[in-house]
Structure formats: C-alpha cells, structure tokens
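Please look over the structure shown here. Some questions about how its residues are described, and on what grounds, follow below.

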Amino acid sequence: MKTLALYNIKGGVGKSAGAVNLAYFAAASGLRTVVWDLDSQAASSWYLHGDGQAAKAKSVLAGDTPLGRLVRPTPYEKLSVIPAEFSYRYFDILLKKVEPPREAFKRLLKPFSEQYSLAVLDCPPALSHLADNVFTAADLILVPVVPTHLSLRAYEQLREYFEQEGFPLRKLMPFYSMADRRRSLHRELIEQPPALMKGMAQSVVPYSSMVERMGEHRAPIAAYAPSEDPALLAYAELWLEVSAALKL
Ligand SMILES: Nc1ncnc2c1ncn2[C@@H]1O[C@H](COP(=O)(O)OP(=O)(O)O)[C@@H](O)[C@H]1O
Ligand SMILES: [Mg+2]
C-alpha cells in the first residue's frame with residue numbers, strides 16, 4: 001500500500017478538494033483506496049458521506065479502537081473513508097506523548113496494507129506533531145500552492161522545515177491550485193515557476209466554480225461535472241502524475 005498526503009501549512013488552498021478528487025480517480029482506476037480524514041473540520045468526510053461514524057482521537061491512538069473498525073463505505077466503488085471527529089483537534093497534544101512520537105500514523109496504517117492499494121491523508125493546516133506523523137507515514141506529499149508570493153513563501157517554509165528536521169525533500173510534490181489565469185501574477189508564476197517549485201506536478205488545477213460546487217453536490221467533481229470540464233481534466237492529469245510517482 002502507498003500513502004499519499006495532501007498537506008499545506010496554509011488552509012483554504014485545496015487540500016480537501018484534492019484529497020477527495022484524487023482518491024476518486026484512484027478508486028475509479030481500480031485501486032482499493034481509503035481516505036483518512038485527519039482534519040477536525042471533516043471536509044473530506046462530509047464530501048464522501050462518512051459523517052457520524054467516527055471515534056475519538058484518544059481511543060484511536062491508544063489502540064482501543066482499531067482504525068479498521070472506523071472505515072466507512074462511500075457511494076463509490078473501491079473508495080472508503082475514515083471520517084474525522086471533532087476531537088481530532090487534540091491529536092497534536094496526544095501525539096506528543098506517543099513513543100516514538102513521529103511513527104504513530106505509520107503504525108496505525110500498517111494493518112491496511114493487505115487490503116488497500118492507497119491511503120490518502122487529508123491534513124489540517126498546521127506544522128505540528130500531526131504533520132510530523134504525516135511526513136513520516138506518507139510516500140508522497142502533495143502540496144497545493146496558490147500561484148501567489150505568500151503561498152510560495154509558505155511552501156518555502158515547509159521545505160526549510162523538512163531540511164531542518166531531516167524529512168526527505170523528495171517526498172514533496174507541489175502543484176498549482178486555484179490558479180486564475182486572468183490574473184497576471186498567476187499567469188507569470190505558472191509560465192515561469194520559481195526554482196523552489198522544482199519537481200512540481202505539471203497539471204495546474206484552475207480556480208473553478210465546478211470545484212466550489214463539491215459542497216453543494218457532496219461529491220467529487222467527476223460525479224457531476226461535464227467530461228470536458230477543465231478542473232476535472234486537471235485532477236485526472238494530476239492523478240496520472242501522482243500514480244506514476246507512486247509507481248501504482
Ligand atoms: N480549484 C478550486 N477552485 C475554486 N474553489 C476551490 C478550488 N479548490 C478548492 N476550492 C474551494 O475553496 C475552499 C477551500 O478548499 P479546500 O479544499 O477545503 O481547502 P483546504 O482543505 O486546503 O482547507 C472550499 O470552499 C473549496 O470549495
Ligand atoms: Mg481541508
């Protein structure tokens with residue numbers, strides 16, 4: 001089983017949208033996929049109709065509730081979800097006490113490797129113990145970057161953190177998210193990405209009302225968007241890049 005994380009220090013950049021859409025494509029391509037929603041705001045749980053079936057963070061970490069028991073089906077074949085719970089906001093404090101502190105998620109996911117080909121982690125926006133666990137467990141960390149200087153700065157900070165803490169930089173794959181080509185700054189940064197974006201995905205996810213409507217449909221965009229929709233095509237291409245990088 002491979003583990004893919006959608007992560008950014010910043011919120012509101014397209015992590016949950018990316019997690020749900022990429023997991024959908026993974027499952028549609030025949031891979032048994034599970035989304036673990038780690039954000040107490042529970043966006044991906046909600047998109048995938050996994051609400052109301054969660055367990056407290058403490059019980060999960062203590063091993064009192066095996067993660068496998070929390071897996072819920074979704075309306076999509078081969079796609080399951082482990083819903084988030086409001087107590088996940090305490091994950092950080094709890095993870096600090098686990099030994100070794102960075103390996104809890106990796107350990108919890110281990111029993112899934114027989115049944116699933118891919119785990120997708122939808123993460124909250126903080127550089128925290130939870131993030132350290134994600135960086136340890138993930139084979140690939142997709143980072144949605146809005147083409148603006150502040151977003152690039154946040155990505156730079158993440159890279160610096162990886163260097164400081166000894167996490168492998170090769171795990172990081174940034175991609176442009178919410179890109180609006182009507183804006184000259186976005187266009188410039190897309191056409192000439194800064195050196196910092198080396199290794200980025202070629203697929204650019206556009207700013208799109210079709211993505212915003214995921215909340216209305218409670219579904220990945222493939223469930224309702226026309227087949228030629230640019231955002232749908234961007235996620236489909238992004239999935240091809242990700243699956244190649246993960247050798248899936
Ligand atoms: N490509 C996009 N175009 C337009 N709106 C988007 C796009 N991606 C995400 N959104 C919207 O922006 C908000 C934040 O997206 P979300 O995926 O929840 O971000 P995060 O998980 O990083 O906080 C949501 O309302 C979502 O519908
Ligand atoms: Mg989110």
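**Ser-80 and other residues**

Q: Leaving aside neighbours within four places in sequence, which residues is Ser-80 in contact with?
A: Ser-80 is in contact with Thr-33, Val-34, Val-35, Val-71, Arg-72, Thr-74 and Tyr-116, its neighbours within four places in sequence being left aside; contact means heavy atoms within 4.5 Å. This is a predicted model, in which local features need pLDDT of at least 70, side-chain atom pairs count only at pLDDT 80 or more, and totals for chains, interfaces and linings use all residues. Residues are numbered from 1 along each chain as its sequence is written, and side-chain values use heavy atoms, with hydrogens and water left out.

Q: Why does Ser-80 count as buried?
A: Buried means under 20% relative accessible area (1.4 Å probe, protein chains only), with exposed over 50% and partly exposed in between; Ser-80 has 10% relative accessibility, and therefore counts as buried.

Q: Where is Ser-80 found?
A: Ser-80 is found in strand 4, residues 79-82; strands are DSSP runs of E with at least two residues, while helices are runs of H or I with at least four, numbered from the N terminus.

Q: Why is Ala-42 called buried?
A: The relative accessible area of Ala-42 is 18%, so this residue is buried. Ala-42 lies in the loop between strand 2 (33-37) and helix 2 (43-47), and its phi is near 55 degrees, a positive value in a residue other than glycine.

Q: What is the peptide bond from Glu-99 to Pro-100, cis or trans?
A: That bond is cis, with omega near -15 degrees, and Pro-100 is found in the loop between helix 4 (91-96) and helix 5 (104-109).

Terms used
Chains lettered and ligands numbered in written order.
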